[in-house]
Amino acid sequence: MNRGVNLRRLQYFVKIVDTGSLTRAADVLRIAQPALSQQLATLENEAGQKLLMRTKRGVVPTEAGKVLYRHAQLILRQCEQARVDMRAAAQDLTGAVAVGLAPGTAAAGLALPLLRTVRTLHPGIVLYLNETYGSTLSELVMNGRMDFAVLYAGKTAVHGLSFVPLLKERLCVVAPDRMPAPAAELAVRDLAEVDLFMARPYNVVRRMVDEAFAANGLTPRVVAEIESDSTLTRVIAEGLGATILPESMARQVVASCAAWQRRIIAPEIEAPLALCLSDHLPLSEPAQAVKRIVLELIGTAMAAPDGAGARRPT
């Protein structure tokens with residue numbers, strides 16, 4: 001950039017890219033299209049290169065435009081956070097906080113307690129809760145569209161993210177009642193011939209299961225890959241096969257249909273639940289407050305009698 005970029009021009013640029021049209025962007029922004037075109041020309045002059053290309057379907061960003069678009073989103077979000085933080089310094093905390101809670105984990109049970117506590121302690125904070133699978137949540141945290149997430153973390157470091165270990169959950173086999181239930185825990189070798197319904201291989205829990213089987217010279221007999229909690233529960237209820245889940249979700253499935261669960265031993269498999277944060281974007285004051293509440297709720301859940309299936313990481 002030749003000199004400082006005007007924030008309003010960045011807002012205009014982001015809106016043009018989002019709508020894919022100068023005309024639509026001008027309508028949304030409620031400014032005249034010639035004025036918007038002039039602002040774009042000034043921004044391109046400041047950048048010293050072309051930022052948008054015109055096509056038959058509208059406008060699309062150039063490679064340089066894509067880079068500016070990513071940075072502009074982060075800059076605008078940080079500016080908004082700065083305004084929120086300055087207001088919060090003089091009054092009660094207000095603003096929006098986006099939190100991810102991975103389904104099928106101990107995190108999923110945090111949703112209602114978190115909503116209740118935030119409403120009681122910080123009524124000015126508007127919570128956005130997103131319960132999708134871990135890989136999507138981590139991407140949202142990485143690109144600044146989500147403040148933080150609670151999800152299962154793998155062993156591999158991820159550029160742009162940091163992980164704070166929270167607890168470890170044992171993995172269990174969950175199967176329909178029509179399948180004979182063993183008297184005690186199961187070894188991985190006991191599952192060699194069992195039809196399993198599992199998540200996709202990029203899922204942290206699935207990777208841990210695959211690794212445990214491989215360590216015993218086996219491959220799990222995965223007959224279908226499912227990433228819907230409700231569908232997986234129906235599969236078990238219909239007696240189509242078994243699955244392997246963290247203990248918190250295993251209890252939920254068994255409580256909702258005719259099924260049993262047993263812990264896996266030899267080897268024991270533990271899924272590490274972690275707080276996923278951006279390693280370069282600071283949390284706003286409201287997000288810091290919500291983070292503290294999440295950590296307190298997890299600590300309380302660990303101390304509860306039904307938290308026996310999880311333990312603090314060592």
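## Ground rules

This is a predicted model, where local features need pLDDT of at least 70 and side-chain atom pairs count only at pLDDT 80 or more, while totals for chains, interfaces and linings use all residues. Residues are numbered from 1 along each chain as its sequence is written, and side-chain values use heavy atoms, with hydrogens and water left out.

## The whole chain

The protein chain has ten helices and 13 strands (DSSP runs numbered from the N terminus: H or I of at least four residues for helices, E of at least two for strands). Its C-alpha trace spans about 75 × 50 × 35 Å along the principal axes. Of its 314 residues, 46% count as buried (under 20% relative accessible area, with exposed over 50% and partly exposed in between, using a 1.4 Å probe and protein chains only).

## Around Glu-169

You'll find Glu-169 in strand 6 (residues 161–176). Glu-169 is buried but has no salt bridge (a side-chain nitrogen of Lys or Arg within 4 Å of a carboxyl oxygen of Asp or Glu). Arg-251, the nearest side chain of opposite charge, sits 5.3 Å away (Lys and Arg count as positive, Asp and Glu as negative; His and the chain ends are not counted).

What does the side chain of Glu-169 make a polar contact with? The side chain of Tyr-152, at 2.3 Å (such a contact is a pair of N or O atoms within 3.5 Å; within protein, one must be able to donate a hydrogen and the other to accept it, and residues adjacent in sequence count only if both atoms are side-chain atoms).

## Strand 12 and its partners

Across from Glu-169 stands Ala-271, in strand 12. Strands 6 and 12 pair antiparallel over nine bridges (pairing takes at least two bridges found by DSSP). Strand 5 (residues 148–152) also runs antiparallel to strand 12, joined by five bridges, and here Val-150 stands opposite Leu-275.

Why is strand 12 (residues 270–278) largely enclosed by the rest of the structure? Because eight of its nine residues are buried.

## Nonpolar cores

The largest nonpolar core has 48 residues, of which Leu-114, Ile-244 and Val-290 touch the most other members (a core is a set of buried Ala, Val, Leu, Ile, Met, Phe, Trp, Tyr and Cys residues joined through side-chain atoms within 4.5 Å). Helix 10 (residues 285–303) gives the most to this core, with seven residues. Apart from it lies another core of 20 residues, including Leu-10 and Ala-72.
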